[in-house]
Amino acid sequence: MLLVFALAFVMMMLWTEWERFNAPAPQVATTANGETATPTAPAADGSVPAAPVVSGNAAPTAGSNAAPAAPVVDGEIKSDGQLITVKTDLLLIEIDSVGGDIAIAKLLKHARSSEELDVPFSVMKNEIVDGVQELFRSQTGLITAAGPFADSTPLHTRQYEFEKQNYELADGANELKVALTYKGAGIDYVKTFTFTRDSYGVDIDYAVTNNATETWSGFLYAQLMRTEGESSGGFGLLSAAPSFKGGAIYTPDEKYQKISFDDMIDEVLSRKVDSGWVAMLQHYFVGAFLPKAGQPIELYTTAFANTAPQRYAIGYKTLAPVNVAAGSTGNLQTRLFVGPKERKHLTKESEGLPLTVDFGFLTVISEPLFWVLNKIHSVVGNWGWAIIFLTCLIKLIFFPLSAASYKSMARMKKMQPRLATLKERYGDDRARLNQEMMALYKTEKINPLGGCLPILIQIPVFIALYWVLLSSVEIRNAPWIGWITDLSAKDPLFILPVLMTLSSLLQTA
């Protein structure tokens, strides 16, 4: 049985690597003559232009409406901004006045750890954790083609003005708006964040008021920047299986695709699509920019040079310009989701976003298992007991197969003396030995594989259950009984592993 389980595990790993190896390669940007473009070398000041275009405000080709490259600028963050605090029923947000970036995003319903239940978990942050910088923040801005407005558009490096530093969602209110302003060359920009009760989504709206004499034409970009930080482990004693941390994109045509940090270093992603979204993933949590549906966009990634530790960005920019005539106002919008990978929230946000809950290649089995687990939890109110009841339910469903397996193994055990006799008699004649053994199996109506096949059928189900437990944020910091205060962590006293070992020895005795 150990060999069977080892073989199944190796097959699972091989299949996973095969799927990753055969995944569609990111489309890289090309130059006008069809050659592959490479990231531009850092400038003297350490800034890195957006690949493959040299300038963030580069003019489009003559006679076209092509968007200029998104100004990813560099990986450094100015420290002269002020933080604006926003509190809702689910989020505690800090917005940097420089760029109007979300610098800190804490989840009020999710604790940092089971030992710090009163400290909210920070998805977006800039802090040192175990000697390693953990940085994750969102950045949005507007860009224009070369012209009178190009040098004063609200990039994520501009200093915004604001009315007050503290906002809180009032009791009974379903919505909270936070407005920041920036004045360009004859243009007034108002960047408004809209927070909604019982939601991890944040609407970001740019109102562009044109006080100049020429038409303003611009594009929106949104990107997520982070460091790699420490890799997160898996579930309990199986923490050797790491969870994915990196980028992800989704398009209606090619669906969901993960992009590792190494991929961001090796290749410059530049993919033009009709719609989609971009995200940064980590174990249990996700930050994602969700453009308006049906809006042509260009997805991109970059790895910043001259940053320590290495910083990465994934984002998108719109391809259709928004034109604002003189004396009028226009709007450009995007939506940010920053929160846990809870399906009840993900399914309300965007198509494909629930795929960020990584159930592995057995998703078709994991999905219904999680649904049943969730239903059981709604009745018993404890994730630990819900897992036990689900496991018992699976064992009950497979009981006929298990019983057949045990009966077959018991009958094979009884046949061992007769098989030993045949081996002694025909040990030198392998063909005759096999013939006599098969005749014995036929006479006694024994299937030599009858003990293994029923178990092999169950293996994919329990592997799928493992991935459900590994990926479900619902069991993070969830207590069970006594000393088990976090079902996503290993047993601190190693009592359960000892009991499992003893029970296995008793069953084989």
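So, salt bridges: the count comes to 13, taking a salt bridge as a side-chain nitrogen of Lys or Arg within 4 Å of a carboxyl oxygen of Asp or Glu. Mind that this is a predicted model, where local features need pLDDT of at least 70, side-chain atom pairs count only at pLDDT 80 or more, and totals for chains, interfaces and linings use all residues. Residues are numbered from 1 along each chain as its sequence is written, and side-chain values use heavy atoms, with hydrogens and water left out.

Let me start with Glu298 and Lys317, whose closest N and O atoms are 3.0 Å apart. That pair links distant parts of the chain, strand β17 (residues 297-303) with strand β18 (residues 311-318), 19 residues apart; strands here are DSSP E runs of at least two residues, numbered from the N terminus. Buried or exposed, Glu298? Buried, at 9% relative accessibility, and Lys317 counts as buried at 6%. The cut-offs: buried is under 20% relative accessible area, exposed over 50%, partly exposed in between, with a 1.4 Å probe and protein chains only.

Next, Arg271 and Glu254, with N and O 3.3 Å apart. Arg271 is in strand β14 (residues 270-273) and Glu254 in the loop between β12 (246-251) and β13 (255-259), so they tie together parts 17 residues apart in sequence. Arg271 is buried at 2%, while Glu254 is partly exposed at 33%.

Then there's Asp188 with Lys183, also a salt bridge, 3.3 Å from N to O. Here Lys183 is exposed at 62% and Asp188 partly exposed at 24%.

Methods:
Helices (H or I, at least four residues) and strands (E, at least two) are DSSP runs, numbered from the N terminus.
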